[in-house]
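This report describes a protein model, its fold composition, its charge pairs and its backbone exceptions. The sequence and the coordinates are shown first.

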Amino acid sequence: MIKVAIATFLAILTSYFLPFSPLPKPTYHSLFLSTSLTQNSSIAHHLFTLTRRPHIAGSEANSDAAAYVLSTLTSSNFHSRIVSYQAALTYPASRTLTLTPPPPDPPFTFELRQEIYPGDPYADVADEVVPTFHAYAKSGSVSGPVVYVNYGREDDYKTLDEMGVDVSGAVVLARYGQIYRGDIAKNAGSKGAIGALVYTDRKDYGGGGDDGGEWFPDGKWMPPSGVQVGTVYSGIGDPTTPGWPSTEGCERLNNEEVEESGEVPLIPSLPISAADGERILRTIGGQVAKEDWQGSKDGPIYRVGPGPGIVNLSYFGKQFIATIKNIIGVIEGAEEPDRFVILGNHRDAWTFGAVDPNSGTAALLEVAQRFSKLQKRGWKPRRTIILCNWDAEEYGLIGSTEWAEENREMLASRAVAYLNVDSAVCGPGFHASATPQLDELLKRATQQVLDPDNSSQTIYESWFGSSNSEEIGRLGGGGSDFAAFVQHIGIPSAIMSYGTGYPVYHSMYDDYIWMQKFGDPGFHRHVAVASVWGLIALWLADDKFLPFNYLSYAEELQKYAKDLEVEISGKDINLTPLLKSIEELEIAATKIKHQIKAIKENEGWRSVWQKDHLKVREVNDRLMMAERAFTDRDGLSGRSWYKHLVYGPSKHNEYGSKSFPAIDDAIIKAKSLNSRESWQSVQHEIWRVARVIKQASQVLHGGLT
């Protein structure tokens, strides 16, 4: 605490007395955190401006938001430009949902509309909110009895099998919350269902749980008419250009080829509200669902069906090629302009997007404006800093993926790290995920920034010192724009936020008022995220040696290997190759750490004559390229776009983060088939992972065999 206060005081003095003199880099880093540069009012203004209208990808309002970001970056002394792509998007053309309950009740047609509330300041633009839908959902009309499937997971269908309930020919009703909505629809289709309805249960989102309360605008919870919209596409990037950028006139898959890829569900689906979900649940008979399948205490008793309630679901979407706009801003490095530190956030939102994603956009613009103020005081980064504001993330990480695919070779040879912020703030509590060599940077940065909810301690102290403290997460899931950078190319990456989940997610109620009242009333959490984000970027851009610690990586891999040992216990599987490769990585990480220490000890005039600056560059190249070595050109089996063999999404939950995803997929298959060949496949995947870890060790060593 004392160190933070002294650093802040010195930075303030510097800002007044030495405004134009070149200063040591650490002084600029301290200045970046000073109160003379930070402004929660400017972040609030950015968020208010960005969220005045709904701005789904492909809309005029989203183009206006892009113009605002471009203008702000340009005025902040970034060399800024628009990079456009022609992406295949979908909007709803028509939707109807009718429930036929048991006699004597008559059929009921749902309005499928989120309601405005008295005094809603956004009532004048509510009609601009696109009707509730699932992007890339299958078009069609189906009719059948309803089966309640809890969260729609594989385990939930196993429970139904044990109960003797068959979903074939039925429309499933699933509540959102445990797995990706696209996997809910895909799982349903694979079990023989003809349609899927996904609702937000009051117990999870509407204040009907043990920590319940009032719904928005009086409380933070989702109103009964609120609907969580989103994509059901399981791939990454434009579905019609898998693996290559969706530029003007490029090659594209047709709709049949997209369906054959297995990345989109083959049954119609629709998101619905808690009120509509409960109405349907009241018409379902059959066996009573398990206790942990039940909803809020004052809700109906949940039964599994099938029927007797019957629903008629009709959804037809329209697909079109839309211009999406990424905004790219650059400060060129003074000494190593060919090394890139990249910060990214997306701009498009399903509705107003105050939390997701524009709390992150506002933080990005705050970082840009602070960097501009440092430049006016003489700061120039050693390496190039690139700020990226992505488009069409909500549809399937499209803007970031198309840019990464178009610039793949440049990024693979020059990108130092990618730092992502999606929803910067949705509530209390700092959270971060990263590739392990960045762990120490995250800890250092949070030790320098005060906790916005308790100024008597740092973020680090509240993050790791609380009774419910958590470890730094990993980047195996496909939930945000880091995916192309780490899982496809192999670039060290991180993502951070305040809060992790919030009730009005992807609904019409994710607006500025919700943020102002419940997410971050004083916008101090926004400032804190911007401070941590920007400080890590400054260290990566300015430090002579890249501040990567691969010993953390080796320790993490050792944990995964122990978990794997338990997973395959009793099977004829040899883990020796994997364990040996991790030992080699630990040795290589220790060696490069000692080499850096030796070079630092020799600094001075003598080191200049001995060309130690070339040694520094060579060591940094090894640190930068080691993450690339964890990728494999063939990628994951059946999912070749994912090249990283240490971190990737679960095959059955796109949001789920998996270590050794190829091994995990093979084990799941082997346990199902229990054949000699399937367990041999597990052994093969272990060898593959061992080889990429060995490659990473060789990169860190820096010599040929």
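R639 has a relative accessible area of 12% and therefore counts as buried, where buried means under 20% relative accessible area, exposed over 50% and partly exposed in between (1.4 Å probe, protein chains only). The side chain of R639 forms a salt bridge with D665, the closest N and O atoms being 2.7 Å apart. Here a salt bridge is a side-chain nitrogen of Lys or Arg within 4 Å of a carboxyl oxygen of Asp or Glu. This pair links distant parts of the chain, 26 residues apart: D665 belongs to helix α23 (residues 661-673), and R639 to the loop between α22 (612-625) and β17 (647-650). D665 is also buried, at a relative accessible area of 13%.

**Basis of the description**

The model is predicted, and local features need pLDDT of at least 70, side-chain atom pairs count only at pLDDT 80 or more, and totals for chains, interfaces and linings use all residues. Residues are numbered from 1 along each chain as its sequence is written, and side-chain values use heavy atoms, with hydrogens and water left out.

**Overall form**

The protein chain contains 24 helices and 18 strands; these are DSSP runs (helices H or I, at least four residues; strands E, at least two), numbered from the N terminus. Along the principal axes, the C-alpha trace spans about 95 × 65 × 55 Å. Of the 705 residues, 59% count as buried.

Helix α9 (residues 274-281) is mostly covered, with six of its eight residues buried. The buried positions in α9 are A274, D276, G277, E278, I280 and L281.

**Charge pairs**

Side chains of opposite charge can pair when their charged atoms come close. In this model the count comes to 34 salt bridges.

| Pair | N to O distance |
|---|---|
| D298 and R202 | 3.0 Å |
| E366 and R370 | 2.8 Å |
| D665 and R639 | 2.7 Å |

The salt bridge of D298 with R202 ties together parts that are 96 residues apart in sequence, because D298 lies in the loop between α9 and β9 (310-331) and R202 in helix α7 (residues 202-205).

**A negative surface patch**

Which residues form the negative surface patch? The patch consists of E251, E256, E257 and E260. Patches are made of residues with over 30% relative accessible area and no salt bridge, like charges being joined within 9 Å and nonpolar side chains (Val, Leu, Ile, Met, Phe, Trp, Tyr) within 5 Å. E260 lies in helix α8 (residues 255-260) and counts as exposed, at 67% relative accessibility.

**Backbone exceptions**

Most residues other than glycine have a negative phi, and most peptide bonds are trans. Two cis peptide bonds may be noted here. One joins P103 and P104, with omega about 10°; P104 lies in the loop between β1 (79-100) and β2 (108-109). Another joins G307 and P308, with omega about 5°, and P308 is found in the loop between α9 and β9.

L397, although not a glycine, has a phi of about 55°. L397 lies in the loop between α11 (393-396) and α12 (398-406) and is buried, with a relative accessible area of 4%. F523, also a residue other than glycine, has a phi near 60°. F523 is placed in the loop between α17 (512-519) and α18 (524-542) and counts as buried, at 4% relative accessibility.

Key:
Areas by Shrake-Rupley, 256 points an atom, 1.4 Å probe, with all protein chains shown as cover. Lys, Arg positive; Asp, Glu negative; His and termini not counted. Charge placed at Lys NZ, Arg CZ, Asp CG, Glu CD.
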